[in-house]
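Biologist: I'm new to this one and would like a walk through it. Can you put it on screen, and I'll ask as we go?

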Amino acid sequence: MPQTTPKGLHRLAFGGDYNPEQWPESVWQEDVRLMREAGVTMVSVGIFSWALLEPEPGRYDFGRLDRILDLLHENGVRVDLGTPTVAPPAWFYRAHPEALPVTAEGVRFSYGSRGAICHSSAAYRTAAAGITTALAQRYGSHPALALWHVHNEYGVPVSACYCDSCAAHFRRWLHETYGSVDAVNEVWGTAFWGQRYGSYEEIDPPRVTPTVGNPGKELDYRRFADATIRENFRMERDILHELTPDIPVTTNFMTALSQCDSIDYWAWGREVDLVTNDHYLITDGRRTHVNLAMAADLTRSVAGGAPWLLLEHSTSGVNWQARNPAKRPGEMARNSLAHVARGSEGAMFFQWRQSRRGAEKFHSAMVPHGGTDTRIWREVVELGAGLEALEEVRGSRTVPDVAMVWDWHSWWAQNLEWRPNEAHEARERADSFYEALYDRHLTVDFAHPESDLSAYPLVVVPALYLTTEAAGQNLREYVENGGTLVVSYFSGIVDEHDAVHPGAYPGALREVLGLTVDEWSPLLDDQRVTITGPGGSTLVGDVWTEFVRPRGAETVWTYADGPAAGGPAVTRHRLGRGTAWYVSTRLGAASLDAVLAAACEGAGVAPRTALPHDVEVVHRVGRDARYVFALNHSAEDAEVPLDGSGTELLHGDAADGRLTVPAGTVRVVRLDA
């Protein structure tokens, strides 16, 4: 089996995408000199180089890449070598225009961007296998090679194609999945609106229809598209495993819910040797450091709790949003070390040297247009030294406090058309629940709804519209065995085929929650409801209300007004040795804190009231040491209590009992045994 860490890399990874083909060779020597100055340990190479490496079908030109890899090796820089299959050359599309994807509206994309691929194309698969094989044969034993980087950011910008090749492939996938057309008709419920199929040949992709199409078909097409992309990854991975069995293979994920919604990362995490991720701050008015922490926690969870690697983020602003602010002084280091705190084995960037031409010439880089006499460069050099000082954390694992259930299939299903209130978003619920847990200074693992939850005292379910019978049973057993569960509204409703569970809502979760819901009553845009609870507490909800009927659960908060006035709003059900909470309206993070405080108390999750707001404290534990990462995202100096004494690794200072973390900075303490 290939190893799960980059071969020959004995420090934390630090570097970025290196694209020397954009520059004359006279710049390369300057690049490696600056890499040494900054403490760069690994760079990603060749991701968009297919047209240069194979200028015409079957003819390879490796001279430039030979010189690049030799130069990097001579200067002590390891290489994450890309298979450039995200951007086939112009000659390929000229010969195979059918390999360009088609939208659901029937529009075929044109050549001239990236990721424009029909993953059902046999011609694409053959060409991708060819360049991957040639690279493995040429560089499999190169001393600089540390890691294979297949493709780039699968699922972005195109995840599904609706062409005739995909239609034929979809029919085969349906047969392999269900075995017969009758079974397809059953799971899709085609008796509704007379949509029954008599043969596979009658089934097309869910292209544009006069009104809403079949939701079961839509959901399965998302599964098919994800599975098809994954087939192509596996094809390349297997070639690399066969030809270079000692080199790990990865592809860069985009796990943040703000960045990619088309990939089932639970499935993908099982396919790679090392989980890697790209993360970019989203300028949408949210607290960006909370989104970052959430993405890092989700990536670590996809990796099964094992160390992972941040393969891309930005030194400062990006260029693809409506507004792209620069990062404030110190923010790049905080971002980088926040990922490390939550399990990353380094911090890498897009890209090394800022491009002068092309679509991303205004995207920040480690070496900006202004060169080395810039704040960005000085902070890059400082970060390199900091990561070198943290070398000993490699291999340690982040310690979680609680878990949040998340399922991409449920997200896909909930996002289909004709739902009770389009303002209810699974991502928004996940963001809000995560923010509430973050503000209670709790480190979150994410979990698949059918996974083992027994290690967690508290499990939160922010949005699980699609809940399989197995998932419902799993959550019930978790509670019966002593766990504390918090479930948000519109969960447990349908099965894996988007069919409503028999009986009253919330379907698969009725028994564990000890209640039924007679009816939903979503709110209009400007409507709010007040709920009242223990000690006269008052919370405000919006978007959603329900007529809840307790069936063993007790009412903790009550609707004071609105459609369900006088009825239960938040309930608690004691089942076996545990407790299940239900929240039937949308509460913001601040209001959710009151519910989570009660749930945490019952679960025995101790409050961390001594920690200031926006001061993030995360623990990593290794075989021989414990580490405390303290990141101050606030504008005020902060005091962080320590469970013992130790050494602050970034500055070499002694720490005993309390740690001062200046505004906007990071401190990392190795605690004494």
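Biologist: How many bridges join strand β8 to strand β9?
Modeller: Two bridges join β8, residues 308-312, to β9, residues 344-349, and the two strands run parallel. Leu 310 stands opposite Ala 347 in β9. Two strands pair here if DSSP finds at least two bridges between them. Helices (H or I, at least four residues) and strands (E, at least two) are DSSP runs, numbered from the N terminus.

Biologist: What should I know about the source and the numbering?
Modeller: This is a predicted model, in which local features need pLDDT of at least 70 and side-chain atom pairs count only at pLDDT 80 or more, while totals for chains, interfaces and linings use all residues. Residues are numbered from 1 along each chain as its sequence is written, and side-chain values use heavy atoms, with hydrogens and water left out.

Biologist: Back to the strands, then. What order do they have in the open sheet?
Modeller: The order is β5-β4-β3-β2-β1-β9-β8-β7-β6, nine strands with parallel pairing. At the edges are β5 (249-250) and β6 (252-253), each pairing on one side only.

Biologist: On to helices. How far apart are the end C-alpha atoms of α3?
Modeller: They are 17 Å apart, which agrees with the 16 Å that the twelve residues of α3 (63-74) should span at 1.5 Å a residue. The expected span is 1.5 Å times one less than the number of residues.

Biologist: Which residues of α3 are buried?
Modeller: Leu 65, Asp 66, Ile 68, Leu 69, Leu 71 and Leu 72 are. Buried means under 20% relative accessible area, with a 1.4 Å probe and protein chains only. These residues pack against β1 (13-18), α1 (25-38), β2 (42-45), α2 (50-53), β3 (78-83) and α5 (122-139). Just after α3, Gly 76 takes a positive phi of about 75 degrees.

Biologist: And what does Leu 72 touch?
Modeller: Leaving out residues up to four places away in sequence, Leu 72 touches Tyr 18, Val 32, Met 35, Val 43, Val 45, Val 77 and Val 79. Contact means heavy atoms within 4.5 Å. Leu 72 also shows up in the largest nonpolar core, which has 168 residues: Val 45, Leu 72, Trp 408, Leu 458 and Leu 485 touch the most other members. The largest share of this core, nine residues, comes from α5. A nonpolar core is a set of buried Ala, Val, Leu, Ile, Met, Phe, Trp, Tyr and Cys residues joined through side-chain atoms within 4.5 Å.

Biologist: What does the second core include?
Modeller: That separate core has 21 residues, including Tyr 162, Cys 166, Trp 173 and Val 187.

Biologist: New topic: how many aromatic pairs does the structure hold?
Modeller: There are 35 aromatic pairs. Tyr 154 and Trp 268 form a tilted one, with ring centres 5.1 Å apart and planes at 40 degrees. Tyr 154 is in the loop between β4 (145-150) and α6, and Trp 268 is in α9 (265-269), so the pair ties together parts that are 114 residues apart in sequence. Rings of Phe, Tyr and Trp (its six-membered ring) pair if their centres lie within 6.5 Å; planes under 30 degrees apart count as stacked, over 60 as edge-to-face and the rest as tilted.

Biologist: Is Trp 268 buried or exposed?
Modeller: Trp 268 is buried, with a relative accessible area of 0%. Tyr 154, at 4%, counts as buried as well.

Methods
Buried < 20%, exposed > 50% of the residue type's maximum accessible area, 1.4 Å probe, protein only.
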